[in-house]
There are 2 protein chains.
Amino acid sequence: MYTIGIDLGGTNIVSSVVDDKYNIVASSKTPTNAIRSAEEIFDDIAKVTKEAVEKAGIEMSDIDSIGLGTPGTVNGDGIIEFANNLGFNNVPAKDMLVERLGVEKVFIENDANCAALGEAYAGVGNGAKDFVAVTLGTGVGSGVIVDGKIVNGVNFAGGECGHMVIMVDGEECTCGRKGCWEAYASATALIRQTKKAMEENPDSVMHQLAKEEGKVSGRTAFDAMRKGDIAGVKVVDKYIKYVSCGLINLVNALQPEIICIGGGICNEGETLMKPLRRYVQAERYSIHSKIQTRIVKAELGNDAGVIGAAILGKVK
Amino acid sequence: MYTIGIDLGGTNIVSSVVDDKYNIVASSKTPTNAIRSAEEIFDDIAKVTKEAVEKAGIEMSDIDSIGLGTPGTVNGDGIIEFANNLGFNNVPAKDMLVERLGVEKVFIENDANCAALGEAYAGVGNGAKDFVAVTLGTGVGSGVIVDGKIVNGVNFAGGECGHMVIMVDGEECTCGRKGCWEAYASATALIRQTKKAMEENPDSVMHQLAKEEGKVSGRTAFDAMRKGDIAGVKVVDKYIKYVSCGLINLVNALQPEIICIGGGICNEGETLMKPLRRYVQAERYSIHSKIQTRIVKAELGNDAGVIGAAILGKVK
């Protein structure tokens with residue numbers, strides 16, 4: 001039996017047929033062309049899904065369930081209540097898919113939660129029941145899985161761990177609070193921290209690196225560190241300390257089997273992961289426990305979302 | 001059918017027969033007299049349990065399951081791995097109860113988690129499936145319930161939300177980290193904050209109040225506030241802001257149906273709860289959601305532990 005996972009993004013719509021070992025069998029995609037009407041977007045979702053099924057050499061009747069991951073807030077009735085970058089307000093996504101594709105078992109979920117589910121079941125989690133996925137990108141995204149299920153909370157807005165304050169009255173966050181983890185641990189925050197250090201250190205090699213790249217990026221301080229630049233070393237160490245602070249908070253609250261880290265910053269690999277693990281190891285509350293949360297790098301990349309969406313039918 | 005809940009505390013052992021509506025039918029108690037051997041303590045646990053059953057006018061064969069709440073870390077085999085104030089190391093609590101009482105269904109759990117379960121099912125939670133209990137006492141204790149089950153995590157050390165940092169490099173915490181929520185929101189922290197404000201404000205009425213009470217307590221600043229003392233008002237406002245910071249973090253991560261607050265500070269009632277709710281309302285991430293986490297005062301008091309222990313058999 002097969003399932004279908006759909007990743008409805010701000011840029012592209014991807015639909016994939018996934019087998020019962022969580023392998024992607026066939027995919028099709030098309031630009032989202034947001035913002036346009038939900039009717040048009042769902043017509044295209046149906047179109048690429050039928051294409052994916054055809055590419056897989058199967059029939060729609062071979063499909064057990066369909067899952068769709070979307071930005072924004074999705075309620076328990078499969079309605080996308082609000083998705084800013086799609087211009088969606090109360091779009092009955094589930095009903096629109098059932099109508100267009102004739103499959104009864106349809107599940108709609110937030111995209112970060114789908115990605116977490118994908119990594120937990122089919123990726124680095126290898127079936128872990130208690131799992132947190134954290135993405136260090138423009139913001140700090142997260143999805144929390146407890147006992148094999150996504151923690152949606154009472155209003156389906158759960159899992160926003162990036163908006164847990166780690167510094168009372170600290171840096172302003174896009175959410176309106178001050179001092180959120182996201183305001184210290186996102187790639188955006190790292191770039192801000194790098195720029196500040198460059199101002200304070202006019203002789204740092206970071207200036208030259210930024211000139212070569214044409215901008216200050218999430219790599220600038222890491223690259224400077226690799227060249228032995230003291231200011232770069234300090235930026236990286238402080239950034240990793242901020243990232244670890246939120247991770248340790250999650251460990252102490254939930255003691256998941258695994259926390260996986262994704263997002264562009266993860267391309268630093270063990271340069272990031274090793275000191276992160278060291279900080280978590282030193283400060284976690286459960287210092288005497290034999291079993292500890294493992295901190296690992298995400299492995300499914302962009303596929304996590306579609307695979308997670310395809311799994312929704314098995315865990316909802 | 002009846003169940004038994006046992007609260008094994010550092011001071012007393014309480015055993016209660018609980019009916020299927022979560023009412024305590026009969027109880028018996030004895031001093032713990034810690035530290036002594038686990039054998040002796042479990043003999044006394046069996047004794048008070050048999051007494052409670054007799055008081056209830058029933059037989060041990062009317063008991064469906066037994067739950068025991070204990071300080072420390074309990075693993076999935078019902079072994080108390082470590083409980084500092086009982087002097088316990090790897091005590092096979094489950095087996096020791098089965099042997100002494102002849103009831104097969106026996107469950108052992110951390111006491112804070114039992115209290116959370118009691119409030120969630122039988123107290124202010126009224127059956128809420130997603131629930132967090134926070135206790136503002138010497139420390140900040142907590143128990144997290146997701147989908148009706150205690151979040152134990154991979155090593156049974158989960159739910160230590162008091163040890164989530166809200167201030168990077170902040171006040172030292174007993175756990176070894178700096179800036180934990182507990183170091184700002186416990187009664188101990190409030191007393192420290194009060195003493196600091198008294199030093200800085202020699203004319204504050206707090207000096208007179210502390211003299212009358214014979215000590216600086218968690219009430220000093222609240223009482224001063226009620227007398228219109230500006231320094232007292234500032235201490236209370238800042239303290240409530242710290243408490244709310246951790247609560248909002250929990251809301252953003254888990255969006256539980258209810259967060260209940262217990263512990264001595266709660267005797268302040270709405271003086272505490274109203275501004276707490278105001279802060280949470282203003283800063284939560286889910287500002288557009290129709291349904292919001294309710295912040296309420298715990299209602300079972302000391303009974304939460306035994307009732308929660310008695311419920312273990314229904315949720316494990």
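**Note on a two-chain predicted model**

1. Chain B can be laid on chain A by a turn of 180° and a shift of 0.0 Å along the axis, with an RMSD of 0.0 Å. That is the relation of a two-fold axis. Copies are superposed by least squares on the C-alpha atoms of residues with pLDDT of at least 70 in both.

2. This is a predicted model: local features need pLDDT of at least 70, side-chain atom pairs count only at pLDDT 80 or more, and totals for chains, interfaces and linings use all residues. Residues are numbered from 1 along each chain, chains are lettered from A, and side-chain values use heavy atoms, without hydrogens and water.

3. The copies meet through the same surface, because 100% of the interface residues of chain B are also interface residues in chain A. Contact here means heavy atoms within 4.5 Å.

4. The whole structure holds 26 salt bridges over all chains. A salt bridge is a side-chain nitrogen of Lys or Arg within 4 Å of a carboxyl oxygen of Asp or Glu.

5. One salt bridge pairs A:Asp169 with B:Lys241 (2.8 Å, N to O). A:Asp169 lies in the loop between β11 (149-150) and α4 (182-185) of chain A, and B:Lys241 in helix α8 (residues 230-254) of chain B, so the pair joins two chains. Helices (H or I, at least four residues) and strands (E, at least two) are DSSP runs, numbered from the N terminus.

6. A:Glu200 and A:Lys196 also form a salt bridge (3.4 Å, N to O). They are 4 residues apart in helix α5 (residues 187-200) of chain A, about one helical turn.
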